[in-house]
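Good morning, and thank you for coming.

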Amino acid sequence: MKQPLLAALKQSFGFSAFRPLQEEIILDAMEGRDVFALLPTGGGKSLCFQLPALMKPGLTVVVSPLISLMKDQVDALQASGIAATFLNSAIAAGEGRKRLRGLHQGEYRLLYAAPERLMLLGMLEDLKKWNVSLIAIDEAHCISEWGHDFRPEYRQLSTLRDHFPGVPIMALTATATERVRDDILRQLRLGDAVPYVASFNRPNLTYRVVPKSKPYEQVLDFISKRRKESGIVYCFSRKAADSVAARLNEDGIKALPYHAGLTAKERSHNQELFLRDEVRVIAATIAFGMGINKPNVRYVVHYDLPKNIEGYYQETGRAGRDGLPSECLLLFSAADVVKQNGFIDEKPTLQEQQIAREQLQQMVHYAESRQCRRVTLLRYFGEEWPEETCGGCDNCLTPRETFDGTLVAQKFLSCVYRVREKTGFGFGLKHLVDVLVGAETELIRRWQHEAVSTYGIGKELKRTEWQAVGRELIRLGLLRQSSEKFSVIELTNEGVAALKHRQPVMLTRTPAIKPEVFKRSGEIPCDELLFERLRALRHRLADERDVAAYIIFSDVALREMANKYPQNPDAFARISGVGKQKLDAYAQFFIDEIAAYLQTNPRQVFEDSLTTVTAPRPKARINDTMRETLRLFRTGLKPEAIAKERGLVISTIYGHLVAAAEAGEPLRVDDFFSTDDQAQIVLALGKASGDLGDAKELLGGTFDYGALRLYRALRSRK
């Protein structure tokens with residue numbers, strides 16, 4: 001099965017290898033099993049049902065929540081020569097009837113539909129006539145009320161098992177906590193589904209948080225340094241989105257708003273211009289972007305504080321879907337926390353309010369923490385990052401300055417203790433800060449807190465600084481904050497001990513207001529002038545065909561062209577994302593453009609490999625799971641046997657061995673490769689100019705990609 005899949009992958013989609021877990025998910029779908037797949041944004045979820053649709057007889061039905069997403073994916077599939085269509089309210093009646101005729105005649109391999117359309121009685125009866133072989137439910141977290149984007153219409157999908165008892169169901173999502181995953185499986189009755197949960201890590205994204213001060217000027221400064229790139233600015237309100245878009249246009253940056261206050265036609269028009277690179281920036285509320293398939297969004301800015309980490313993760317996930325380095329910037333202020341709490345107070349039930357406050361507290365902890373951002377994000381989803389630093393966030397690249405905060409911590413902890421001692425119950429953060437700075441408020445007078453010993457002992461700091469100290473002491477576990485409507489702060493056992501024994505407490509200084517510009521490691525090196533010419537050509541071709549620019553080729557493909565300068569169809573076919581249909585349709589345009597460019601410009605030489613694009617990683621360290629692989633290898637087991645013994649895929653085992661080699665473990669090339677094997681690999685790498693993907697193809701798939709990585713790691717060290 002594997003070789004036909006790889007052949008179809010290259011011919012239809014232009015890729016030579018699968019991303020993590022794609023192959024395993026596709027094989028299960030091909031064998032008729034139910035599957036639950038949690039892959040990060042940009043992890044290639046769509047391919048998991050699109051490739052089986054080409055290989056299996058019958059129709060694959062894809063449930064999708066957004067009209068724009070359906071059109072995006074169908075446009076991309078048709079550009080690759082794949083028969084796909086969608087049915088929704090946006091198409092005219094005549095066009096709808098034409099597509100229905102095509103479905104009755106078996107002309108399509110994939111059908112996209114919204115859940116409410118799919119579950120109409122007449123539609124269900126039609127589906128039973130169309131030989132449905134797979135049902136894929138995209139954005140499956142929408143079925144769970146515990147998810148960040150619950151949609152009641154998704155609940156109707158729970159009856160699909162009754163209507164299509166013999167048809168395998170694939171549920172896919174990019175973000176779901178364990179509680180949401182369990183709810184998805186229960187709602188869709190996927191008790192026997194094979195679960196696949198990939199890493200939530202997006203190695204190509206850089207995360208940073210800066211204090212919010214004159215936010216528009218901060219955003220303008222950030223975007224001005226990236227004028228040729230596409231980005232999204234997420235705002236809390238429609239008014240802010242309109243204002244940011246208008247002001248950016250006044251300052252010479254093409255921008256449009258997107259929010260629920262616009263008409264459907266206006267939203268569709270603005271999104272279309274953004275997808276086609278006519279407009280570089282969208283200033284949007286969270287109404288924009290779920291499932292958006294624009295791969296070359298290079299940055300996401302949060303103008304306001306998100307409500308929860310799941311939403312933040314999903315929104316930052318719009319950046320860098322093509323795997324190229326991209327940036328995520330969050331502007332944070334305590335005023336945003338107050339604003340969010342105000343909206344939480346309006347929720348109809350106490351349970352909803354409590355859940356929302358807990359989620360907001362987690363978001364605030366993320367924003368103010370001095371810990372690695374990646375560690376915090378992954379831990380929220382139940383995943384541990386194996387390194388001390390990620391090399392891809394502000395706290396790792398420019399660690400925040402710490403100071404001995406024992407005295408201020410003692411003052412704050414003592415204030416919590418004295419206020420509770422005076423009244424017999426606790427108070428919130430704002431009131432405690434009022435006591436520390438000696439404020440004269442009605443609440444202080446009512447409870448006679450001007451009489452406690454800590455009243456006015458903190459006048460050396462501003463209110464905002466004391467608020468930050470309080471929140472950091474909560475993060476450090478010395479205080480705890482309840483999540484009720486009138487949340488109070490109390491000492492923990494650790495806080496009592498710190499207060500009693502005057503234990504040293506290290507606190508963090510507020511970071512710089514202006515975000516630093518980090519060098520983008522991991523970018524595919526290329527001839528930047530040629531890349532811009534190829535982007536212009538892509539834009540012209542896309543306009544002529546009335547499709548988004550990335551439907552023609554991704555930025556990854558263009559950068560690779562500007563690195564390798566392909567000048568004939570065979571060389572062009574080796575570019576990532578070039579399948580047969582695109583080779584026939586577009587190769588000559590780009591080959592001619594490259595040839596014309598080289599007539600007046602010198603060809604540049606690049607040393608970097610193009611096969612993988614990842615964020616910088618610190619020097620490899622060996623964790624426990626890697627050590628176990630190493631131990632089994634030293635008992636005499638081969639990598640394949642270790643994979644079987646541990647129940648892991650072979651690529652994971654090779655990854656462990658590569659890390660071990662890079663960490664300096666005593667491993668030798670001869671331990672893994674015979675003399676003949678080494679000779680073949682050396683020859684293939686020479687012909688491929690060191691490119692592992694090309695070398696793998698030249699070797700006819702004899703060696704696993706992970707094995708070639710291991711060979712290179714061992715030889716490089718040697």
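**Strand 5 and its neighbours**

Strand 5 and strand 6 (residues 169–173) run parallel and are joined by three bridges. Within this pair, alanine 136 stands opposite methionine 170 of strand 6. Strands here are DSSP runs of E with at least two residues, helices are runs of H or I with at least four residues, and both are numbered from the N terminus. Two strands count as paired if DSSP finds at least two bridges between them.

Before going further, please note that this is a predicted model, in which local features need pLDDT of at least 70, side-chain atom pairs count only at pLDDT 80 or more, and totals for chains, interfaces and linings use all residues. Residues are numbered from 1 along each chain as its sequence is written, and side-chain values use heavy atoms, with hydrogens and water left out.

Which strand does strand 2 (residues 59–63) join through five bridges? Its partner is strand 5, and the two run parallel. Here valine 63 stands opposite isoleucine 137 in strand 5.

Is strand 5 (residues 132–137) mostly covered or mostly open? Six of its six residues are buried, where buried means under 20% relative accessible area with a 1.4 Å probe, protein chains only.

Let us turn to the whole protein. It comprises 33 helices and 17 strands. Of its 718 residues, 55% count as buried. Along the principal axes, the C-alpha trace spans about 85 × 65 × 60 Å.

Terms used:
Buried means under 20% relative accessible area, exposed over 50%, partly exposed in between (1.4 Å probe, protein chains only).
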